[in-house]
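Please examine the sequence and the structure shown here before reading the briefing that follows.

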Amino acid sequence: MIRQILPIVVAACIAPCFAAEGWLTDMDAAKKEAAEQKKDLMIEFTGSDWCPPCMQLRANVFSKPDFQKEAQKNFVLLELDYPRSKEQSAEVKAANQKLAEQYGVTGFPTVVFADASGKPFGGFVGGRPREDVMKAMQDALKNKEALQAAEAEVAKASTDEARAVALMEVFKLAPKDYVDNFYGDVKAEIKKLDKDDKSGLKAADAHADQLKKEQKEVQDYLAGKMTANTTPAEALQVVKSYPNRDKLLPETQQELLMMEFGTFLNSTGDVDGAVLILDKVAELKPGTEAGQQAPRIKAGILANKDRIKAQIEAAKKAQNK
């Protein structure tokens, strides 16, 4: 009887650490293996049973033996899953959720290339064909080499000024999505050494703090003025009456203008007038997310002008019944 039970017990202990063949599912086990084999980590954050791009990436790339053979030359493969139907223990759910927060995961699939300690040096978000995944992998490895060279220059620096310059090179090479959680010490030391803020990091942080403050104030203001029953026309007036809009940061003004665009279009059906609002968004600060989105939205609504008008009119009629 013991002989029959033992293999089952062993299998039960081992199985939770593995996903598809070649992929681990436990971060600590992956880090240990990476350290022992002097390899890096390739971490896939996935929704294996509900996310179409995740399933396609797994079927077309990650499950293929030729891909795994190539990837495993440099990486230990780790799958962190966030399923909706598949059974998963409370411990695994909690551990994976903590890792998603640590790595700032906001979409699936997210792939992170990191050293054996888990510190990222590259990655991408979204499904990709094999060729693009391989390119991303090679780009990440090149960036790791550049980071290591920059870190070596930091160690050589003999003055505070030289050290600040060398640290800034590390900061520039660090993947931007992971700076705060994984390169915060680099950023903090630069700010300490760079008393005249030649790097601009102090000014950038002050800007980010002000933007965060303004965005919260906007959210609080709108929440206090609107309800689920607020009509688009009423919402438009609330947005337009926000106090001292012209004194806000460009990004906050863009946020309000995008709200104005939506409420204006839905309440009036005036596509041409809505386009003028989008033009204001783009003019304020073209390089922001809103500044880049506005021209694309404009092109889309102009290409579908009649259909959009008809949809808005139909929605109004339905609301009035």
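**Briefing on the predicted model**

Trp50 is partly exposed, at a relative accessible area of 26%; buried means under 20% relative accessible area, exposed over 50%, and partly exposed in between, with a 1.4 Å probe and protein chains only. This is a predicted model, in which local features need pLDDT of at least 70 and side-chain atom pairs count only at pLDDT 80 or more, while totals for chains, interfaces and linings use all residues. Residues are numbered from 1 along each chain as its sequence is written, and side-chain values use heavy atoms, with hydrogens and water left out.

**Confidence**

- The average pLDDT (the predictor's confidence in each residue, from 0 to 100) is 92, and 93% of the residues score at least 70.
- Residues 1-18 have a pLDDT below 50, and this stretch makes 8 contacts (heavy atoms within 4.5 Å) beyond near neighbours in sequence.

**Aromatic pairs**

- The whole structure holds 12 aromatic pairs; rings of Phe, Tyr and Trp (its six-membered ring) pair if their centres lie within 6.5 Å, with planes under 30 degrees apart counted as stacked, over 60 as edge-to-face and the rest as tilted.
- Trp50 and Phe108 form an edge-to-face pair, because their ring planes stand at 85°, with centres 5.8 Å apart.
- This pair links distant parts of the chain, 58 residues apart: Trp50 lies in the loop between strand E1 (40-46) and helix H3 (52-62), and Phe108 in the loop between helix H5 (90-102) and strand E3 (110-114). Helices (H or I, at least four residues) and strands (E, at least two) are DSSP runs, numbered from the N terminus.
- Phe108 is partly exposed as well, with 26% relative accessibility.
- The pair of Phe62 and Phe67 is tilted, at 5.3 Å centre to centre and 35° between the planes.
- Phe62 is buried at a relative accessible area of 0%, and Phe67 is buried at 0%.
- One aromatic cluster comprises Phe45, Trp50, Tyr82, Tyr103, Phe108, Tyr178 and Phe182.

**Nonpolar cores**

- A nonpolar core is a set of buried Ala, Val, Leu, Ile, Met, Phe, Trp, Tyr and Cys residues joined through side-chain atoms within 4.5 Å.
- The largest such core has 54 residues, and among the members that touch the most others are Phe62, Phe67 and Phe113.
- Helix H6 (residues 130-156) gives the most to this core, with 9 residues.
- A second, separate core of 18 residues includes Val271 and Ile312.

**Helix H12**

- Thr252 lies in helix H12 (residues 250-268) and is buried, with a relative accessible area of 0%.
- Not counting residues up to four places away in sequence, Thr252 touches Leu211, Glu214 and Val218.
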